[in-house]
Amino acid sequence: MAPYESDHATGTGPDEDPRSGRRKAARYVVPVAVVGVAAATIGLVPALAASGDPDLPKISAQQLIEKIAKSDVQRMSGTVKVSTDLGLPDLGGLQDSLGSGQEGDGSSADPRTKLTELTSGTHTLRVAADGPERQKVSLLQRDAEYSLIHNSKDVWGYDSASNEVFHTTAQHSGEKGDKREHQPSATPDDFAEEALKSVDDTTSVTVDGTTRIAGRDAYQLVIKPKQAGSTVRAVTIGVDAKTGLPLKFTLAPKSGGAPVLDAGFTKVSFAAPPASTFDFRPPKGAKVTEEKPGEDGRREHAPGFGEEFAPGGLSGADTIGEGWTTIAKFDTGAKGGPTSSQEGAMGGFLGSLGDQVSGDFGKGTVFSTRLVNALITDDGTVYAGAVTKDALVKAADADK
């Protein structure tokens, strides 16, 4: 089937989020720490699609965005394939050297520790939801399984490999729009919500035909930056024709090759999952780590991959530019280069990514992935964004 006639108007006001109607925040911004880049840019592999495109009624980009915004799927279950290709070196040794205590409470069941595994490789997730008070995400492994369960006011993490349990209490359970506070971003819907925040006059939005995803008819919404300095070529969202739920999310880099992020259901059902899906009791002999909400200033919920892309994810950082070429700037306080205060595995990791550059700003090192680049100057200033190296150097020169 030929692609539909497309339109670039979204029908969304300048201060509105097309996803929810709330005041729209700043554009698609990026993580500002090199390791944070990996944690923030999780990808999901494509869902299996049947041959032959479905013959669906024509729809404009504006209408499709409105359909996504009106989607109110409360109950569902399914399987999601997860794959990440950031072009980073293997993080396994780095994570081992840092130790599990670097994030969370040192428990292997703490989601802030366990879910960093999704930063590379291919994984399978099982997901389930029954309204705003019950969600479950399970990471399936060869001989084990990790599950993160939100049931009413309880949030449980369980790692069967180590027989360790993490438990905390959700303070705001049951409030409207609260479900994402208690589960990590792990589905196309989560990623689509962040991507739609980027839609403004620096963005082209079109409908590019139809497809089949996990046995369901779907439209394809394509979001492309108009700005030349972005490293993003396009974001494609497969939208369920009946419910408006995003079933597939693909982020393609301008450099070509495999997608950096690619999210898709391979199976999906909109029937209510059994109540037992969300029941959990610590197994006999399991080590249980308790965390109180807000303890020691920690986050009250499991981290959502991609949260660092959201406007609130850059606490204390200034921004340069606009739209898809927004660059975050902050001061690390580390003089003499990015690895001067880093030793061992961390220093080696940073060194393996870095290229020396110079300009009016002085000297520095550019760390690169297939999506995000970060320039760390010798005076400790960081410039980071989903932009080209040249754009970073230009921004640093203009900032001096």
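A residue counts as buried under 20% relative accessible area, as exposed over 50%, and as partly exposed in between. This cut-off is needed at several stops of the tour below, which moves through a predicted model.

**The whole chain**

Begin with the entire protein displayed as a cartoon. It has 7 helices and 18 strands. Of its 400 residues, 50% count as buried. Among contacts with a separation of 6 or more, 64% are accounted for by residues 24 or more positions apart.

**The largest nonpolar core**

Select Leu221, Val235, Ile237, Phe249 and Leu251, the residues with the most contacts inside the largest nonpolar core, a set of 31 residues. At least two residues of this core come from each of helix H2 (61-70), helix H5 (188-196) and strands S7 (203-213), S8 (216-225), S9 (232-240), S10 (246-253) and S11 (261-269). Apart from this core lies another, of 23 residues, including Ala109, Val127, Tyr146 and Ala218. In soluble globular proteins, nonpolar side chains tend to be buried together.

Now centre the view on Leu221. Which residues does Leu221 contact, once its neighbours within four places in sequence are left aside? Ala61, Leu64, Ile65 and Ile68 are in contact with Leu221, as is Leu196. Val205, Thr206 and Val207 also touch Leu221, and so do Val235, Thr236 and Ile237.

S7 and S8 run antiparallel and are joined by 9 bridges. Within this pairing, Thr210 has Tyr219 of S8 as its bridge partner. The two strands form a hairpin with 2 residues between them, and Ala214 in the turn has a positive phi of about 50 degrees.

Turn next to the other partner of S8. S8 and S9 pair in the antiparallel sense over 6 bridges, and Leu221 stands opposite Ile237 in S9. This pair is also a hairpin, with 6 residues between the strands.

Select Ser152, in the loop between strand S4 (145-151) and strand S5 (154-159). Its phi is near 60 degrees, a positive value in a residue other than glycine. Ser152 has a relative accessible area of 30%, so it is partly exposed.

Move on to Asn163, in the loop between S5 and strand S6 (164-169). Asn163 is not a glycine, yet its phi is positive, at about 55 degrees. Why does Asn163 count as partly exposed? Its relative accessibility is 22%, and buried means under 20% whereas exposed means over 50%, so Asn163 falls in between.

Then select Gly87, in the loop between strand S1 (75-84) and helix H3 (92-98). Gly87 is partly exposed, with a relative accessible area of 48%.

Finish at the second largest pocket, which has a volume of about 160 Å³. To display its lining, select Gly229, Ile320, Gly321, Thr325, Ile327, Asp390, Ala391, Lys394, Ala395 and Ala398. Which helix gives the most to this lining? Helix H7 (residues 389-399) does, with 5 residues. By class, the lining residues divide into 5 nonpolar, 3 polar and 2 charged.

Definitions and conventions:
Residues numbered from 1 in each chain as written. Predicted model: local features only at pLDDT ≥ 70, side-chain atom pairs only at ≥ 80, totals over all residues. Heavy atoms only, no water. Core = buried A, V, L, I, M, F, W, Y, C linked by side-chain atoms within 4.5 Å. Buried < 20%, exposed > 50% of the residue type's maximum accessible area, 1.4 Å probe, protein only. Helix = DSSP H or I, 4+ residues; strand = E, 2+ residues; numbered from the N terminus. Contact = heavy atoms within 4.5 Å. 1 Å grid on protein atoms, 1.4 Å probe; cavity = no way out; pocket = protein on both sides within 12 Å on 5 of 7 lines; lining within 4 Å. Points joined across faces, edges and corners; volume = space filled by probe spheres on them. Nonpolar A, V, L, I, M, F, W, Y, C, P; charged D, E, K, R; others polar. Pairing = 2+ DSSP bridges.
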